Amino acid sequence: MKAFKYLSPTTVEEAIALHGQHSETAKYIAGGTDVIVKLKEGWMEPDYLISLKKIEEMSELHKNDATGELSIGALVTHATLEKSLMIQNEYPIIYDAVSNIGSLQVRNVGTIGGNLINAVPSADGAIPLIALDGVALLHGPEGERSIEVKDLFVQPYKTVLKPREILKKVTIPPQTSHTGSAYIKFGRRAAMELPLIGIGVLLTVNDDLVTCAKARICLGVAAPTPMRAFDAESLLVGKKIDEKILIEAGKIAADESKVRDSVRGKAWHRKEMIRVMVRRMGLKCLQIIRNNS
Ligand SMILES: Cc1cc2nc3c(=O)[nH]c(=O)nc-3n(C[C@H](O)[C@H](O)[C@H](O)COP(=O)(O)OP(=O)(O)OC[C@H]3O[C@@H](n4cnc5c(N)ncnc54)[C@H](O)[C@@H]3O)c2cc1C
């Protein structure tokens, strides 16, 4: 591994300024679970690593009781989310996703921000944040801007972030009552495995507890970037949700996906899993809604 200098700024502004001084040869690092692998393999050779870990405001996990908005700092680790009772009880789709990432060691240091910005199609953390209509707050040399998490990704390993921009946090708008959400990572093994396919479903129903007011069907490893199955979502909105319509939504989502063969799995198998798991996650959402009503 090539030698590098390690810098530890304590504010976002300082980090951006340091990156500016060493532009072409600097790289941000958070938990390092992706960066260190790339350094060791020689896929990147920065002269400077700029650690974001000492920027305290980026480690905050906070729900505003007055507005209901959830704020997840980019440095919040998967383990912090997994252990949070608030996440377990109110945002099960986040819990489902982060509690199956890598191993305990990976979850202890890997951050939600690093998971998003690494931008692989299999990023488990991306799916729940898209389903929950998350908004990413970015900070760069020209100041702050916001972008929906669903619009962050351009292609594998590439996001819309401009040079030197930092992801500060993701905010989740308040959830409507009668909402249920669930995620499943389908892989060949239970642990230390990237998903063959990742499926997240979020449903909100009206007071009658059956008519769909909002639907989100989000897929990982189904396209070059995490995606929403918009046609399948549209099918559900305004309709009474039961197993039959969820089976139909699963078929549409599978058709909308752009799955392909890879070393880890075949396209036909991925499609089949989307078909089956959309129904299964939809039913789980309904169960959660009914249990909480
Ligand atoms: C053994 C192993 C198993 C894994 N299993 C899984 C898995 O099951 N599911 C899964 O989704 N991932 C998995 N990963 C990938 C990885 O752990 C996650 O993507 C993790 O969340 C990355 O976070 P990090 O803080 O370690 O990122 P880092 O490695 O520090 O950074 C990743 C990238 O994001 C950039 N970056 C980080 N934070 C910011 C920020 N705030 N603003 C701007 N740029 C930033 C860095 O410059 C770098 O390009 C695994 C990795 C390993 C090594």
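1. Two strands are said to pair if DSSP finds at least two bridges between them. Strands (E, at least two residues) and helices (H or I, at least four) are DSSP runs, numbered from the N terminus. By these criteria strand 13 (residues 212-220) pairs with strand 14 in the antiparallel sense, over two bridges. Across this pairing, Cys 218 stands opposite Arg 228 of strand 14.

2. On the basis of the note: this is a predicted model, in which local features need pLDDT of at least 70 and side-chain atom pairs count only at pLDDT 80 or more, while totals for chains, interfaces and linings use all residues. Residues are numbered from 1 along each chain as its sequence is written.

3. Strand 6 (residues 135-140) and strand 7 form a hairpin with two residues between them. Six bridges join these antiparallel strands, and Gly 140 stands opposite Gly 143 in strand 7. Strand 7 (residues 143-148) lies largely in the open, because zero of its six residues are buried (20 or more other C-beta atoms within 10 Å of a residue's own, C-beta atoms being placed from the backbone).

4. The chain is divided into domain 1 (5-51), domain 2 (56-172) and domain 3 (179-292); the bounds come from an automatic or database domain assignment. The C-alpha centres of domain 2 and domain 3 lie 20 Å apart. Their contact (C-beta atoms, placed from the backbone, within 7 Å) takes 21 residues from domain 2 and 22 residues from domain 3. On the domain 2 side, helix 8 (126-131) is among the elements supplying at least two residues, and helix 8 gives the most, with five.

5. Of the 30 residues around the ligand, Gly 31, Gly 102, Gly 110, Gly 114 and Asn 115 come nearest (a residue is near if its C-beta atom, placed from the backbone, lies within 6 Å). Helix 7 (112-118) is one of the elements giving two or more residues to this shell, and its five residues are the largest share. Domain 1 and domain 2 each contribute at least three residues to the shell.

Definitions and conventions. Buried ≥ 20, exposed ≤ 12 C-beta atoms within 10 Å, placed from the backbone. Contact = placed C-beta atoms within 7 Å.
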